[in-house]
Amino acid sequence: VSKSDEYQVVIVKYGTRTTTKSDVYLNHHIYGQPDESLDMDYFFWVVRNEHRTIVVDTGFSADGGAKRNRTPLIAPAAALTALDIDPTEPLPVVVTHAHYDHIGNLNLFESSEVFISSAEYKFWTGRHAIRAQFHYSVEDAELSELASVGRQGRLRTFDDAVLVAPGIEAIRVGGHTPGQSIVKVNTGDGVVLLASDAIHYQEEYEADMPFAFVAGLVEMYEGFDRIHAMENTGEVRHVVAGHDPGTLARFTPLGGDLAGLAATIG
Ligand SMILES: [Zn+2]
């Protein structure tokens with residue numbers, strides 16, 4: 001990859017768990033389908049070329065994962081080392097939303113600029129953050145870390161969209177959380193959309209089945225519509241869901257220390 005606005009995307013699977021459809025889909029019983037077991041994988045993403053490296057989300061912390069009985073497969077810090085990434089370097093980080101499994105290791109990135117939608121930042125510093133349906137998915141210490149990034153002047157908030165770097169755009173869609181964002185990346189294999197938790201599962205998106213944890217249901221449906229439109233118009237070639245256990249198999253496996261845990265696009 002030599003063009004400065006063209007990247008390789010690395011998808012890193014760092015954790016997993018087994019759950020059920022009735023646990024992940026909102027009011028699953030209304031579809032009249034049997035409940036089934038399914039796996040949920042946990043990912044973060046690296047976007048890189050010879051000019052720059054950008055990290056999209058930072059995974060759950062050992063604590064945040066253990067509290068919820070998640071199975072860690074590799075510590076995100078170790079995965080970064082395997083990818084030759086030093087998180088103390090000032091590389092940009094995009095936070096798609098502030099849930100525990102997406103901002104858990106933000107403290108490793110001590111000099112990074114952190115991109116997050118203003119709606120997301122405002123929500124988690126606002127009065128509804130402590131309500132059980134929302135608070136279950138966050139860690140107070142990690143929200144404090146986000147606030148401290150803000151105090152240090154390293155937060156880059158945006159309303160609808162922001163160009164993180166040439167060829168990389170973060171776009172707020174809301175739904176799952178008020179400021180849930182997706183990230184569009186120009187790669188050697190076409191435009192990749194890191195949907196993060198705007199789409200947890202491919203099935204969620206294809207069968208139009210909203211996720212159980214939701215801040216705005218209409219926005220969540222509108223997010224699905226928006227991503228379908230991006231695919232249908234050819235604006236986006238690959239859509240990467242945030243937690244789908246089938247994701248790695250769709251792309252090029254990475255060998256070495258991350259064999260079985262990572263794949264690349266572009
Ligand atoms: Zn998530």
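Asp101 is buried, with a relative accessible area of 6% (buried: under 20%, 1.4 Å probe, protein chains only). The model is predicted, so local features need pLDDT of at least 70 and side-chain atom pairs 80 or more, while totals for chains, interfaces and linings use all residues. Residues are numbered from 1 along each chain as its sequence is written, and side-chain values use heavy atoms, without hydrogens or water.

**Exercise 1.** Find which residues coordinate the zinc ion, and describe the arrangement of their donor atoms.

*Solution.* 
- Step 1: list the donors (N, O and S atoms within 2.8 Å of the metal, or 3.2 Å for Na, K and Ca). Asp101 and Asp197 each give an OD atom, and His102 and His243 each give NE2. The distances run from 2.1 to 2.3 Å.
- Step 2: read the spacing along the chain. The pattern is D-H-x94-D-x45-H.
- Step 3: Asp101 sits in helix α4 (residues 100-103), and Asp197 in the loop between β11 (190-196) and α8 (202-206). They are 96 residues apart, so the pair links distant parts of the chain. Helices here are DSSP runs (H or I) of at least four residues, strands (E) of at least two.
- Step 4: test the angles. The four donor atoms subtend 89 to 164 degrees, and therefore the arrangement is irregular.

**Exercise 2.** Work out which strands flank β14, and whether its faces are buried or exposed.

*Solution.* 
- Step 1: find the partners (at least two DSSP bridges make a pair). Strand β1 (residues 8-20) is antiparallel to β14, with four bridges. Strand β13 (residues 252-253) is antiparallel to β14 too, with two bridges.
- Step 2: Val9 faces Ile265 of β14, and Thr252 stands opposite Thr264 of β14.
- Step 3: inspect the faces of β14 (residues 262-265). Ala262 and Thr264 lie on one side, Ala263 and Ile265 on the other. All four are buried, which leaves both faces covered.

**Exercise 3.** Locate Asp57 and Ser196, then give the phi and accessibility of each.

*Solution.* 
- Step 1: take Asp57. Asp57 lies in the loop between β3 (53-56) and α2 (62-67). Its phi is near 70 degrees, positive in a residue other than glycine. Its relative accessibility is 0%, so Asp57 is buried.
- Step 2: take Ser196. Ser196 belongs to strand β11. Its phi is about 45 degrees, positive although Ser196 is not a glycine. Ser196 is buried, at 1% relative accessible area.

How values were computed
Buried means under 20% relative accessible area, exposed over 50%, partly exposed in between (1.4 Å probe, protein chains only). Four donors count as tetrahedral if all angles lie between 85 and 135 degrees; four count as square planar and six as octahedral if opposite donors are over 155 degrees apart and all others between 65 and 115; anything else is irregular.
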